[in-house]
Amino acid sequence: MLYRISKKNIRDRSLERIEEISGQSVFDCYQCGNCSSGCPFVDYMDLTPNQVLRLAQFGQIERILASETIWVCSTCLQCSTRCPKGIDVAKLMEAFRTVKLRKRAGQLDPYQIDVDDLRELPPIALVGCFRKKTA
Amino acid sequence: MTNLAYYPGCTLKTNASHFEDSALQVMEILGLPLREMEKWVCCGTVFSMASDDLMLQMGAIRNLLRAQEQQLSEIVTLCSMCYNTLQQANKFVISDPESLDKVNDLMYKEKVRYHGDIKIHHLLTILRERITFAGIARQITKPLRSLKVGAYYGCLLVRPREFAIDVFEAPSIIEDLLQTLGAEAIEFPYRLECCGAYQTVTHKEVTALRTFEIINSARRSGCDTIVTSCPLCAFNLDNRQNETGLRKPGFEKMPVFYFTELMALALGRPWDPNWSKMHYVNPEPLLQERQLL
């Protein structure tokens with residue numbers, strides 16, 4: 001797969017912001033792939049968790065923010081518990097979502113939820129989803 | 001009689017009312033009744049992991065403040081997500097004095113400040129440690145001899161490591177409980193795999209496929225049924241079997257119980273037909289077949 005990386009954004013401020021919000025250092029990652037192999041939703045992601053880390057190391061934050069990956073994550077914490085370097089990968093995913101949500105660019109419009117589903121869905125599902133995906 | 005302060009959370013009063021009902025009955029029989037705490041609010045269901053935003057922790061912390069006001073030193077939850085959210089939020093705010101100060105300042109209209117010393121327990125640890133499985137065994141009147149049950153832990157009872165109720169990659173607490181109830185406990189490969197959680201709202205087709213994997217794994221391992229402790233897992237693994245059936249022809253449905261429902265049966269309580277109404281996949285045929293009704 002061909003990625004174009006620009007020197008311009010390898011050292012820009014957006015990675016600092018992500019590291020501040022998550023409290024994690026992306027440079028700890030040595031690409032072992034434990035996170036991606038444990039991730040239950042990896043098949044539905046356009047970028048796997050380890051790819052997210054790698055792109056973050058190259059400062060490609062905008063590419064990550066535009067991905068489907070950060071919204072398909074279910075915060076199961078499998079990645080964080082298995083990372084041999086102790087990186088809280090789930091927290092990093094949350095940081096990317098947070099950046100989007102703070103710009104009011106959440107993934108979910110509550111009015112788009114199927115009405116039949118709404119009748120059945122328990123409060124726990126709705127509250128959880130709204131907290132993760134709506135700004 | 002001593003009792004335990006109990007924090008229900010929103011779904012235990014609605015879609016999972018049978019979880020609460022069976023748990024209250026069970027704890028009454030075991031001599032440690034649950035007493036619902038007052039003035040609780042929704043905990044927020046998911047732990048918000050942004051390290052620079054304390055506002056998102058307030059729902060959870062307010063409940064702990066209420067517990068403190070009511071002179072409670074500890075609270076017990078049934079819902080895995082409430083357990084996890086309260087634990088993580090509590091840890092976050094007490095991690096340094098400045099965070100604790102800030103979150104109290106945010107709640108400036110409250111009459112007291114939260115000190116940070118409320119202990120949060122999940123019912124399973126209370127059963128294991130205070131009542132003990134041997135203690136439960138002594139009260140069993142109707143062992144679930146004919147039932148093969150898989151314990152589905154899901155995510156939030158065993159992750160993060162710090163708050164896991166048992167060894168996080170190889171827990172056995174629910175299997176031990178099931179054996180105590182007389183059932184055959186089966187460890188199946190997908191017992192620690194995420195059900196999809198809140199993705200059921202926006203990506204229900206993906207959740208339906210997760211349900212397929214988990215239920216299939218349980219069935220292939222010989223389970224008649226599985227138990228859970230989380231209303232969201234119960235919804236995904238039970239209600240979403242409808243979606244799974246639409247996408248996977250030949251999929252065989254399986255009833256899903258809360259662990260307290262099976263406990264109630266083993267401790268001699270009659271099965272309540274109102275509980276069946278709360279299930280999506282009707283559990284009565286299985287219970288009838290195994291003479292547990």
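I start with the size of chain A. For 135 residues, a compact globule would have a radius of gyration near 14 Å, and chain A has 16 Å, which agrees. Please keep in mind that this is a predicted model. Along the principal axes, the C-alpha atoms of chain A fill a box of roughly 50 × 30 × 30 Å.

What is chain A built from? Its secondary structure comes to 10 helices and 0 strands. Reading from the N terminus, the order is α-α-α-α-α-α-α-α-α-α. Chain A is divided into domain 1, residues 7–103, and domain 2, residues 108–135. The C-alpha centres of domain 1 of chain A and domain 2 of chain A are 25 Å apart.

Next, the place where the chains meet. How many residues of chain A are in contact with chain B? There are 37 residues of chain A in contact with 36 residues of chain B. On the chain A side, the elements that give two or more residues are helix H2 (13–22), helix H7 (78–82), helix H8 (89–102), helix H9 (115–120) and helix H10 (123–133) of chain A. H10(A) has the largest share of that side, with 10 residues. By class, the side of chain A that touches chain B divides into 19 nonpolar, 10 polar and 8 charged residues.

Now to chain B. The domain assignment gives domain 1 of chain B as 4–123 and domain 2 of chain B as 138–289. Their centres, taken over C-alpha atoms, are separated by 25 Å. The contact takes 22 residues from domain 1 of chain B and 21 residues from domain 2 of chain B. On the domain 1 side, helix H1 (17–29) and H3 of chain B are the elements that give two or more residues. H1(B) gives the most to this side, with 8 residues. By class, this side of domain 1 of chain B has 11 nonpolar, 11 polar and no charged residues.

The axes of helix H3, residues 80–94, and helix H4, residues 97–106, of chain B come within 6 Å and cross at roughly 110°. How do we describe that crossing? From H3(B), the residues B:Phe92, B:Val93 and B:Ile94 meet B:Ser99, B:Leu100 and B:Val103 in H4(B). That contact has 5 nonpolar, 1 polar and no charged residues.

Strand S1 (residues 4–7) of chain B runs parallel to strand S3 (residues 74–77) of chain B, and 2 bridges join them. B:Tyr6 has B:Val76 in S3(B) as its bridge partner. S3(B) is also joined to strand S4 (residues 119–122) of chain B by 4 bridges, again in parallel. Here B:Glu74 stands opposite B:Lys119 in S4(B).

Further along chain B there is an open sheet of 4 strands in the order S6-S5-S7-S8, with parallel pairing. Which strands are at the edges? The edge strands are S6 (184–186) and S8 (256–258) of chain B, each of which pairs on one side only. On average, and with direction ignored, neighbouring strands of this sheet are turned by 40° against each other. Strand S5 (residues 148–151) of chain B pairs with S6(B) in the parallel sense over 3 bridges. Within that pair, B:Lys148 has B:Glu184 in S6(B) as its bridge partner. Helix H10 (residues 231–239) of chain B lies across strand S7 (225–228) and S8 of chain B, and runs at about 160° to S8(B).

Last, two backbone details. Most residues other than glycine have a negative phi, and most peptide bonds are trans. B:Lys39 is not a glycine, yet has a positive phi of about 55°. B:Lys39 lies in the loop between strand S2 (34–36) and helix H2 (58–69) of chain B. Is the peptide bond from B:Arg159 to B:Pro160 cis or trans? That bond is cis, with omega near -5°. B:Pro160 has its place in the loop between S5 and helix H7 (173–180) of chain B.

Conventions: Residues are numbered from 1 along each chain as its sequence is written. Chains are lettered from A and ligands numbered from 1 in the order in which they are written. This is a predicted model: local features need pLDDT of at least 70, side-chain atom pairs count only at pLDDT 80 or more; totals for chains, interfaces and linings use all residues. Axes are lines fitted to C-alpha atoms, for helices over the stretch in contact, and angles run from 0 to 180 degrees between N-to-C directions. Two residues are in contact if their C-beta atoms, placed from the backbone, lie within 7 Å. Ala, Val, Leu, Ile, Met, Phe, Trp, Tyr, Cys and Pro count as nonpolar, Asp, Glu, Lys and Arg as charged, and the others, Gly among them, as polar. Domain bounds come from an automatic or database domain assignment. Two strands pair if DSSP finds at least two bridges between them. The radius of gyration is taken over C-alpha atoms; the globule rule is 2.2 Å times the number of residues to the power 0.38.
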